[in-house]
Amino acid sequence: MGPEAQWVLDQWQSVLGGVPGSLDTDFFASGGGSLAAAQLVSALRQRYPRITVADVYSHPRIGALLELALGSVPAGGAVETVHRSVGRTQRKSQIFQTVMGMPLHILVGMRWLTYLMALNNVAAWQGWLPGAPTVSWWWVGAAWLVFVSPWGRMGISVVAARVLLRGVQPGSYPRSGRVHLRLWLAEQFADMVGAVSLASAPWVPYYARALGAKLAKTLTCTRFPGHRITPTCRRLLH
């Protein structure tokens, strides 16, 4: 076995903690999962940058993965690279981004203000801080619905994206141009409000559709050795 093949086996062992018994050893049958596959791909890309997580799923045997990895490098070991020149952001665009950062951070601050209003109400009610300023619970509830709840945060992101990107069509646009800044601002809204988080995971498909993405209503289920079928897949399969 050559040094390159041995290097791939070393990465396999470092992720799964065991040496494959033969070239037919299956990655998932050996205890691998989605996280381990991502770790393996991250390690393999040091020498084989074309390897993807999908390749691990389609070539779970170590022998097949070895063949794919070694064959992904052109003769001579050179990997083609694409060089491009990226210009600096224009000064007026930097000023715009700095100015727009202020209301964006105020938007984030509204979430913490909601927590503070609720804490003050509880502290005054329990007598811990008799002089604490209080706000009607109706206002606290409304603020929580808009700035804290997953639906409110996703709604803010959707409204911002729909308004800012109205009329934008697929194409090539200059850096620091109006379309670039509109896209940047829409992305900042989504990042700052935390539109996608663990709490909002069940509603991400609806969020994507509200942004304009077209998602298929079908689901492809694949079961690997040693892995359970999820309840959603089980309902579809039966």
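**Figure 1. Burial across the protein chain.** Of the 238 residues of the protein chain, 32% count as buried (under 20% relative accessible area; exposed is over 50%, partly exposed in between; 1.4 Å probe, protein chains only). This is a predicted model, in which local features need pLDDT of at least 70, side-chain atom pairs count only at pLDDT 80 or more, and totals for chains, interfaces and linings use all residues. Residues are numbered from 1 along each chain as its sequence is written, and side-chain values use heavy atoms, with hydrogens and water left out. The accessible surface comes to about 16,100 Å² (Shrake-Rupley method, 1.4 Å probe; for residues, only the protein chains shown count as cover). Carbon and sulfur atoms hold 61% of that surface. The chain has 10 helices and zero strands (DSSP runs numbered from the N terminus: helices are H or I, at least four residues; strands are E, at least two).

**Figure 2. The largest nonpolar core.** This core has 20 residues (buried Ala, Val, Leu, Ile, Met, Phe, Trp, Tyr and Cys joined through side-chain atoms within 4.5 Å). V8, F27, L44 and Y48 touch the most other members. Helix 1 (3–16), helix 2 (34–44) and helix 4 (62–71) each supply at least two residues. Beyond its neighbours within four places in sequence, V8 is in contact with L44, Y48, I62 and L66 (contact: heavy atoms within 4.5 Å). A second, separate core has eight residues, including M154, I156, A190 and A195.

Figure 3. A36, A37, L40, V41, A43 and L44 are the buried residues of helix 2. They lie on the same side of the helix because they cover an arc of only 160° around the axis (taken from the directions from the helix axis to the C-beta atoms). These buried residues pack against helix 1, helix 3 (53–58) and helix 4. On the other side, S34, L35 and S42 are exposed.

**Figure 4. Surroundings of N121.** N121 sits in helix 5 (residues 91–126). N121 is buried, at 5% relative accessible area. Setting aside residues up to four places away in sequence, N121 touches P133, T134, V135, S136, W137 and V140.

**Figure 5. A nonpolar surface patch.** W144, L145, V146, W151, W203 and Y206 make a patch of about 630 Å² (residues with over 30% relative accessible area and no salt bridge; nonpolar side chains, Val, Leu, Ile, Met, Phe, Trp and Tyr, are joined within 5 Å, like charges within 9 Å). A salt bridge puts a side-chain nitrogen of Lys or Arg within 4 Å of a carboxyl oxygen of Asp or Glu. Helix 6 (residues 137–148) gives the largest share, three residues. Y206 belongs to helix 9 (residues 204–211) and is exposed, at 56% relative accessible area.
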